[in-house]
Amino acid sequence: MIFRLLLVLSVCLLVVSAGQVLAHDELEDGYFLVIDEEGRVVLETGIVVNVGDSFIDADNRKWEIYRVEGRTAFARSAGVVDLLGSENPTWFEGFLAWWRGLVQRVYPVQGEGQRVVSIYHTHTAESYEPTDGAAFKREGGGILEVGEALAEALRDKGIEVIHDKTNHSPQDAAAYDRSRRTVSKLLRRNPDLILDVHRDTARRAAYEDQVAGQEITKVMIVVGRQNPQMSATLGLAKRMKAEADEVHPGLIKGIFFAKGKYNQDMSPRVLLIEVGSHTNDREDAERGIALLADVIPTLVGVGAPGPGQSAGETRGSFNALWWVLGLSVLGVVGYLLVSTGSLKEAREKLSRYFSTEFKDVVRLGRPEGDRREGREQAGKSGERRPDRDGEG
Amino acid sequence: MPVGSIALLIAIVLVYFGLAHRVLDRMRLTDRQALLILLALIVGSFIDFTLLTRPIELMVNVGGAIVPIALAVWLLATADSPTEKVRGTVAIFVTGAAIYALAKIIPPEPTDNPFLDPSYVFAGVAGVVGYLSGRSRRSAFIAGMMGIVLADLAQMTENLIAGIAARTWLGGAGVFDTVILAGLLAVVLAEVVGETAERLVRTGEERSEASRRDPNREGDGTS
């Protein structure tokens, strides 16, 4: 047995050695083109596009990707999206609005609280080739300066900014796990918004534009769809775009709803933004992200007595809530069915669980002997605890 | 924070901690011990220590690394037999090597991965490898947690050799770190795999028992 395990270990070590060769610090060259049914380009991005992804473009048209061939993705239109979703609030949203109004009348908030925005970079090495000299710099790329441009613009508006420049290199599959720890640290300050600032890998023209009379690179918001609270994140992303469309039309290139979760499962206030591409000038990206700073005060509720939230965002949060609860119930039911094999036995197991385990918790204050006695009784009544013997 | 976000966070925290308590309860801990450890994981999530600043920065979170490491050592030390102890220890190293290798092999972008986000893949693989090499729920739990810690330490060594000034922060996301997630997922997988295997064995035994009693039933086409 031990010999077999050592053999597995050796194989793993061999794989590690191979991994050293395969590991790369840089993204592959090239980009994906998303085209519509008439062959028009809807999106150009270095982010890998998959079937099931969707994209809300600058004009708020939603595109759903249904086929991917090589580096070309095919999308069909899913209509125009109402970003704020405020036209037909549900009865529950109406109730929440009424409740908020009532609370504010009874306990009026004096003045406004200090808003906090946190900025970090999962891919700290990302750079802008024309101005930084390379597309990646392991010691810290131009993306850090783009983040700082946003931080300074927000500080000028009286917002407290925490710009975390922790290096999460190398840019491998564990980079988001490493930056998860940074997000955790940032969350301790209870920020109103957390931004993971990246840059894309596409052609220069894909992001280059002129907005508010300045040469800038546009910004794309990325929302991960492998995240239990994706609806809440998407709600926030839509609101950011809606605010930007009001203040600086054309600044936001769109919202890409992609595979992955990008640490957005840590809080519904985490967004990932792509500011330009590696082919753009860093100065353009700095000007672009500085314009985004004009949007953020409204987004985080500066000047408002409470935290600002649109009907669409509230709906997103509650949609996510039902998903979390639904998936949890599904998981428990699935486990019960797998472990018992029939609905009847599953029901019995569940009722045994409630009659013994909860009683245990309630009796926490009582001596250990009493609870042991309870467990022994449960054991006699047929409750199986196969794990207790250590062997699976 | 908006009311919708608060409700969502409360639900996620309740589900997560409920699962964590059930998993700890499976580790031969009493309810009181399981609750105390859960509390230590949560409170410890807010405490960090810096162990090294040069030549590379190494930080440790109490809830995300020190409590899980202490728990793993205690579970190993109190294992029933020397075989189980050795098996658990080997499982840790196998899982650590697998996770470190995986981070290098699978594509760096979550969008480029054929199945799930790498975080889920790491936790899942840690669980599967931990269970297969340890063959018990306890070993799976230990290997899942410690495998992630070992992989982080291996990455730190690589950074040190390559001269990258990146921070290593063991268990930095506290109770929500991949260290804990991997441990929990390992037990959930072990539970599902173990229970399914046991049920299959039980069904097989019952069927052979029945056919022994009534040989005419054998081969009647039931599956």
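I began with A:Glu208 and looked for its bridge partner in β10(A), which turned out to be A:Thr217. The model I am reading is a predicted one, and in it strand β9 (residues 208-211) of chain A and strand β10 (residues 214-217) of chain A run antiparallel, joined by four bridges. I then looked at the turn of this hairpin, where two residues stand between the strands and A:Ala212 takes a positive phi near 55°. I noted that A:Ala212 belongs to the loop between β9 and β10 of chain A, and that its phi is a positive value in a residue other than glycine. I marked the residue because most residues other than glycine have a negative phi.

Entry on cis peptides. I looked next for cis peptide bonds and recorded one in chain A, between A:Ser169 and A:Pro170, with omega at about 0°. A:Pro170 sits in the loop between β7 (160-163) and α5 (175-187) of chain A. In chain B I recorded the bond from B:Arg54 to B:Pro55, which is cis with omega near 0°, and I placed B:Pro55 in the loop that lies between β1 (48-52) and β2 (58-61) of chain B.

Entry on the sheet of chain A. In what order do the strands of the open sheet of chain A follow one another? I read the order as β2-β1-β5-β4-β3-β12-β11-β13-β8-β6-β7, which makes an open sheet of 11 strands with mixed pairing. The edge strands are β2 (41-45) and β7 of chain A, each of which pairs on one side only, and the twist from one strand to the next averages 25°. Within this sheet I followed one pair in detail: strand β11 (residues 219-224) of chain A and strand β12 (residues 252-258) of chain A run parallel and are joined by six bridges, and I found A:Phe256 of β12(A) to be the bridge partner of A:Val222.

Entry on helices against the strands. I traced α5(A) across β6 (116-120), β7, β8 (193-200) and β13 (270-277) of chain A, and its direction is at about 165° to β6(A). Helix α8 (residues 282-292) of chain A also packs on the sheet, where it touches β8, β11 and β13 of chain A and makes about 145° with the direction of β13(A).

Entry on a helix pair in chain B. I looked up how helix α3 (residues 62-77) of chain B meets helix α6 (residues 137-162) of chain B, and found that they pack at an angle of about 140° with their axes 10 Å apart. That angle makes α3(B) oblique to α6(B), and their crossing is left-handed. On the side of α3(B) the contact is made by B:Ala65, B:Pro68, B:Ile69, B:Ala72, B:Leu75 and B:Leu76, and on the side of α6(B) by B:Arg138, B:Ile142, B:Met145, B:Met146 and B:Val149. By class, the residues of this contact are 10 nonpolar, no polar and one charged.

Entry on confidence. For chain A I noted a mean pLDDT of 80, with 69% of its residues reaching 70 or more. Over residues 9-27 of chain A the pLDDT is below 50, and this stretch has 32 contacts in the model beyond near neighbours in sequence. Residues 378-392 of chain A likewise stay under 50, and the model has 23 contacts for them beyond four places in sequence.

How values were computed:
Residues are numbered from 1 along each chain as its sequence is written. Chains are lettered from A and ligands numbered from 1 in the order in which they are written. This is a predicted model: local features need pLDDT of at least 70, side-chain atom pairs count only at pLDDT 80 or more; totals for chains, interfaces and linings use all residues. Axes are lines fitted to C-alpha atoms, for helices over the stretch in contact, and angles run from 0 to 180 degrees between N-to-C directions. Angles under 35 degrees count as roughly parallel, over 145 as roughly antiparallel, 65 to 115 as roughly perpendicular and the rest as oblique. A crossing is left-handed if the near helix is turned anticlockwise from the far one by less than a right angle, and right-handed if clockwise. Two residues are in contact if their C-beta atoms, placed from the backbone, lie within 7 Å. Ala, Val, Leu, Ile, Met, Phe, Trp, Tyr, Cys and Pro count as nonpolar, Asp, Glu, Lys and Arg as charged, and the others, Gly among them, as polar. pLDDT is the predictor's confidence in each residue, from 0 to 100. Two strands pair if DSSP finds at least two bridges between them.
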